[in-house]
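Here is a short briefing to keep beside you as you look over the model. Take a moment with the sequence and the structure, then read on.

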Amino acid sequence: MPELIFFTGPMDCGKSTLALQMDHTHTLGGRRGALFTSHDRAGAATISSRLGLEQPATEVTGDLDFWTWVVGRLTSGHRVDYLVCDEAQFYSPAQVDQLARVVDDLQLDVFAFGILSDFQTRLFPGSARLVELCDRMETLQVRPLCWCGEEATHNARISGGRMVTEGSQVAVGDTRVEQEAAGGPAPEVTYEVLCRRHHRRRMTAATALAARHPDPLPFEEER
Ligand SMILES: Nc1ncnc2c1ncn2[C@@H]1O[C@H](COP(=O)(O)OP(=O)(O)O)[C@@H](O)[C@H]1O
Ligand SMILES: Cc1cn([C@H]2C[C@H](O)[C@@H](COP(=O)(O)O)O2)c(=O)[nH]c1=O
């Protein structure tokens, strides 16, 4: 039976890597896939993984209708056996409904990948609809850790060095640790994955470190 599977987990747990692995493995098995993404950090129409893998994909904009797209491909003689849908949190609920119809009425597998909730801990509308409609959800096995060592379950947004709780739902960016590892100028917005306790208390790695090592001022003036 074809399935709509929602692979989820916090930022930086390997979703895009798995998306590209699924495509690679199914392609080797003789199946034909179509790749989709939305607002990937690497730019439009690309699925990119932090492990360095990258593949072109169709950019999912607000006006893309999955049903019409797939029917168009099939009726023009192309073969499509499955869809790989990355950054699915950014899809609209209507687009997720179209994906479910593609599974049920065209008998194609749909593998969707995305984060569940935003920096305010609210479900993305696309992810909420995936939870409602998918045949099954899979939580990825690589579990990123909060700075305290607990499993990280929530995505915090960092701006100006501080965790923020106001702002627009969509702000494309990388996690602070990955951003620092990659070098380059610090962007305005980064993310940090935290356990729920520290997300609630707004305690990031930086604020925890500052609390452990309070500013030693005032210095004794050297003579
Ligand atoms: N240098 C590395 N060596 C091994 N694994 C890495 C390396 N860099 C990143 N990763 C793995 O890649 C994961 C992030 O993959 P990615 O697919 O970009 O995540 P997501 O799409 O969930 O944000 C990290 O959790 C880590 O397991
Ligand atoms: C929490 C949160 C995240 N985003 C953005 C940041 C990234 O560009 C993607 C998640 O990508 P990943 O492959 O899972 O690392 O989502 C956002 O726009 N708003 C948010 O609240």
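## Domains, ligands and helix packing

The protein chain splits into domain 1 (1-142) and domain 2 (143-210), with bounds that come from an automatic or database domain assignment. This is a predicted model, in which local features need pLDDT of at least 70 and side-chain atom pairs count only at pLDDT 80 or more, while totals for chains, interfaces and linings use all residues. Residues are numbered from 1 along each chain as its sequence is written, and chains are lettered from A and ligands numbered from 1 in the order in which they are written.

**The two domains**

- The C-alpha centres of domain 1 and domain 2 are 25 Å apart.
- Across the boundary, 15 residues of domain 1 are in contact with 18 residues of domain 2 (contact means that the C-beta atoms, placed from the backbone, lie within 7 Å).
- The side of domain 1 that touches domain 2 has seven nonpolar, four polar and four charged residues; here Ala, Val, Leu, Ile, Met, Phe, Trp, Tyr, Cys and Pro count as nonpolar, Asp, Glu, Lys and Arg as charged, and the others, Gly among them, as polar.

**The ligands**

- Around ligand 1 you will find M11, D12, C13, G14, K15, S16, T17, S49, R50, L51, V142 and P144 (a residue is near a molecule if its C-beta atom, placed from the backbone, lies within 6 Å of it).
- That shell around ligand 1 holds five nonpolar, four polar and three charged residues.
- Ligand 2 is surrounded by 16 residues, the closest being M11, D118, F119, N155 and V172.
- By class, the shell around ligand 2 has seven nonpolar, four polar and five charged residues.
- Ligand 2 lies between the domains, because domain 1 and domain 2 both give residues to its shell.

**Helix packing**

- Helix α3 (residues 93-106) packs against helix α4 (residues 125-133) at an angle of about 30°, with their axes 8 Å apart; axes are lines fitted to C-alpha atoms, for helices over the stretch in contact, and angles run from 0 to 180 degrees between N-to-C directions.
- That angle makes α3 roughly parallel to α4 (angles under 35 degrees count as roughly parallel, over 145 as roughly antiparallel, 65 to 115 as roughly perpendicular and the rest as oblique).
- P93, V96, D97 and A100 of α3 meet P125, G126, R129, L130 and L133 of α4.
- Helix α2 (residues 66-75) packs with α3 at about 40°, their axes 8 Å apart, which makes α2 oblique to α3.

Conventions
Two residues are in contact if their C-beta atoms, placed from the backbone, lie within 7 Å. Helices (H or I, at least four residues) and strands (E, at least two) are DSSP runs, numbered from the N terminus.
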